[in-house]
Amino acid sequence: MNNCVSIVLGKEEITLKIKENVTKEEIEECLKVKIPELKKLYQNEKTPIFVTGKVLKNKEIDLVKEMIQKEIDVEVEFDSPKVLGLHGIRKAFSEEIQSSETKFHKGSLRSGSKVEYEGSIVVIGDVNAGAEVIAGENVVVLGNLRGVAHAGAKGNKKAIIAAAKIESPQIRIANIVKELEKNEEENKREYAYVEENEIILE
């Protein structure tokens with residue numbers, strides 16, 4: 001799949017656009033072909049490279065950066081945030097997540113605890129007040145969710161939050177934050193998703 005990465009020349013930067021739904025292996029094979037093409041553009045130039053398109057996982061970010069900088073002495077920036085979390089998002093990017101890598105956490109999360117994962121997180125227990133769950137994709141809590149949950153933390157607005165009961169003072173999906181009013185907390189809410197840039201609770 002040699003066309004999974006395209007090169008766009010700009011005045012201030014060179015953009016590498018990676019197609020959605022390609023694997024790490026396909027990106028690697030494609031870059032083996034594209035990097036020699038890129039290298040020809042760099043004689044005395046130091047134009048930075050900006051990588052966009054697919055929301056990359058950390059291993060993919062490391063791979064792309066290492067492959068480019070092994071051949072070309074240049075600054076490489078990414079549209080995909082390396083760090084999960086609201087402030088790490090540079091853009092809201094919708095990605096299909098019906099099937100995703102999942103981390104299972106056995107037992108309840110106590111106050112002060114924090115679990116992070118690039119894929120989906122399933123907590124087999126409660127998430128108590130003061131605890132935090134941050135997932136690149138979905139957050140599913142088999143018990144009650146009283147702490148902070150952030151799904152789609154790399155910008156995926158199709159991510160969901162589900163729990164036996166959502167009682168959090170605040171939930172986040174992608175770059176959207178919803179503060180729960182007291183009366184909302186008292187109602188039985190089990191499912192949160194984004195519709196028209198707003199978090200809906202059901």
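**Reading contacts and charge**

Tutor: Let's start with Lys-54, which pairs with Glu-60 in a salt bridge, the closest N and O atoms being 2.9 Å apart. This is a predicted model, where local features need pLDDT of at least 70 and side-chain atom pairs count only at pLDDT 80 or more, while totals for chains, interfaces and linings use all residues. Residues are numbered from 1 along each chain as its sequence is written, and side-chain values use heavy atoms, leaving out hydrogens and water.

Student: Are Lys-54 and Glu-60 buried or exposed?

Tutor: Both Lys-54 and Glu-60 are buried. That label means under 20% relative accessible area, with exposed over 50% and partly exposed in between (1.4 Å probe, protein chains only).

Student: Which side chain does Glu-101 meet in a salt bridge?

Tutor: Glu-101 meets Lys-57, at 3.2 Å from N to O. This pair links distant parts of the chain, 44 residues apart: Glu-101 sits in the loop between strand S4 (76–78) and strand S5 (102–106), and Lys-57 in the loop between strand S3 (49–53) and helix H2 (58–71). Those elements are DSSP runs numbered from the N terminus: helices are H or I, at least four residues, and strands are E, at least two. Glu-101 counts as partly exposed because its relative accessibility is 46%, and Lys-57 is partly exposed at 28%. Elsewhere, salt bridges with shared partners tie Arg-146, Lys-165 and Glu-167 into one network.

Student: How do I read an aromatic pair, and how many does the structure hold?

Tutor: A pair of aromatic rings is described by the distance of the centres and the angle of the planes. Rings of Phe, Tyr and Trp (its six-membered ring) pair if their centres lie within 6.5 Å; planes under 30 degrees apart are stacked, over 60 edge-to-face, and the rest tilted. The structure holds one such pair. Tyr-191 and Tyr-193 have ring centres 5.5 Å apart and planes at 40°, so the pair is tilted.

Student: Why is Tyr-193 buried, and why is Tyr-191 partly exposed?

Tutor: Tyr-193 is buried because its relative accessible area is 18%, whereas Tyr-191 has 33% and is therefore partly exposed.

Terms used: A salt bridge is a side-chain nitrogen of Lys or Arg within 4 Å of a carboxyl oxygen of Asp or Glu.
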